[in-house]
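Student: I would like a close look at a single part of this model. Please keep it brisk and give the cut-offs as you go.

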Amino acid sequence: MTDYRSVPVVDNGQGYRGAPTQPGSRMARRAAASAPPPPPPDDRSARGHRGGGDGGGQNKMRILAWVSIGLTTVMVAGALTGYTVYRDAFGNIKKKSVNSDIINPRPPDTGALNVLLVGSDTRAGKGNAKYGQQLARTADAGGKRTDTIILMHLSPNRDKARLISFPRDSMVQIPKCKNETTKQEMAPRRDMINSAYNSGGIACTISTIETLTGIRVNHFVEVDFSGFKNIVDALGGIEICLKSGVNDKNSKLVLPPGKSLLNGEKALGYVRLRHYGDGSDIQRIKRQQIFLSKVVAKATSSELLTDVGKLRAFIKAAAGSVTMDPELANDTEQLINIAMSAKQLTAGGVKFTTIPWGPDPEDKNRVVWRQPDANELFTSIKTDTEVATPAPSASASTGTKPKVTIKPEQVKVQVLNGTKTLGKAREVADQLAKEGFNVVGVGNYEAAGGQSLAKSEIHYAKTIETAPDYASTLAGAVVPKPAPAAGKVTATNPQPYTAPTPVTSAAPKGTPVMQLVVGEDFESVKVTKLPDSVNNSTITASEQKNTCT
């Protein structure tokens, strides 16, 4: 595992600077309720990324949130297959509407399903107070916090899921938000990402994620902690594997080397475990991800889904510990649609990803997102609007010639800028080249009257019979999707193009050249090839069956 301090300093690509917010008292925050309160008090030596103490109740809250969210994810994305049978259990879900509190412009809805999962350490509600005994000693114990923010993305055909974890220490730009208590508007600021929830609640957290990523958040799920142990027990326990034994007083956990089946009580100790391995917080996060991957694997297994009693107990335990937006909780038709499509969701289709990160140059105890890697991850989510594997394109031939599938590396492209934005053709060419397209040239295009082209277009030579097949592959990679048309256009100032990274061309001699004319409506090229930093921070549930940590 990479040592936190050894990662080279990187910038978040947005120029944020400034000292992180310092802890403040509860009384001070009440005196300035319209201003954003600082993050909860923490002892950096205790929560450091290497070594340090257990962190007391605060770390307990953070880890409980992380695990509860993972279990809730299973409920939303997997166990909903039993919705029509276990309708009574879902009646336990609490509901909260926050749409009127979201005051920033929202990204467009692409048709995919993105659910924001947030863990709350509030002591409100039955059974939650006992988890805050350590925090109750602080002056600020009455509020709520989150150290856990995860965006669950379900593919349009609901057969794959990616859970993106946002590190709590990420220094980002928080947009203007309403204070959750006073409803007064708070000014934008650079702060830790979890401060959005601390001051503005789930509405501000949604706005923060949307403005940072450009991804529309369709629904949210908030999780509290009283049902954590019951949920694990309802699954029949979770098996983990340890390279060495554990005897840790802080987490009250004693386990032998090798495999152990953890009930709810032991699972709580395991996910809190700090004094193990190299003692780093990063390694602990990896153990938590492996734990959650095992939860997903078990919750989507036939062992649970075909056992009426176990499935009912699991859904009841999970539903009783969450709050959802009414649009999700009350929309029976949507829940059933998700349920039916989620039958295709397998453990191998669930991926756990952490945002690429590096230390904040202003404070090594904070992190910033590695760019452009993080934005490429976000673009892959925004452009996941249809099945990733394209169907064979229709050939121009009307005879018995079979349809063919053209790969991106077989498509030669000339990119023309039909807008007034300087450098747009090269920008788009770079995106296409990164996705494997064989970009051969760039240039400009003058629309009638000298105006910017409103919508992107794809053109190909009328005389080449197979040209529509190549145009179809190119069109499927552009958002929004242009309609290919026969007949090429005249380019102005055409120039050859050389990709930043050499591309091995699979296009044979005589392959037709497609023209992509970029219009004002162009959003992005679909990202299917994620950078190594994203792939290296991703695990799947099926890959972790026999992992010993």
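Which residues of β3 are buried on one side, and which on the other?

Tutor: First, the ground rules. This is a predicted model, where local features need pLDDT of at least 70, side-chain atom pairs count only at pLDDT 80 or more, and totals for chains, interfaces and linings use all residues. Residues are numbered from 1 along each chain as its sequence is written, and side-chain values use heavy atoms, with hydrogens and water left out.

Now the strand. On one side of β3, Ile-149, Leu-151 and His-153 are buried. β3 spans residues 149-154, and six of its six residues are buried. Strands are DSSP runs of E with at least two residues; helices are runs of H or I with at least four; both are numbered from the N terminus.

Next, the neighbours. β3 pairs with β2 (residues 113-119), antiparallel, through six bridges. Two strands pair if DSSP finds at least two bridges between them. Leu-151 of β3 has Leu-116 opposite. β4 (residues 161-166) also runs antiparallel to β3, again with six bridges. There, Leu-151 stands opposite Ile-164.

Of its 549 residues, 55% count as buried. Among contacts (heavy atoms within 4.5 Å) with a separation of 6 or more, 78% join residues 24 or more positions apart. The accessible surface comes to about 23,000 Å², and carbon and sulfur atoms hold 51% of that. Such areas come from the Shrake-Rupley method with a 1.4 Å probe; for residues, only the protein chains shown count as cover.

α13 (residues 373-382) has eight of its 10 residues buried. Among them are Leu-377, Phe-378 and Ile-381. Asp-373 and Glu-376 are also buried.

Last, the covalent link. The chain has one disulfide, a pair of cysteine sulfur atoms within 2.5 Å. Cys-177 and Cys-204 form it, with sulfur atoms 2.3 Å apart. The link is right-handed, with 80° about the S-S bond. Cys-177 lies in β6 (residues 177-178) and Cys-204 in α5 (residues 195-213), so the pair ties together parts 27 residues apart in sequence. Cys-177 is buried at 3% relative accessible area, and Cys-204 is buried at 2%.

Key
Buried < 20%, exposed > 50% of the residue type's maximum accessible area, 1.4 Å probe, protein only.
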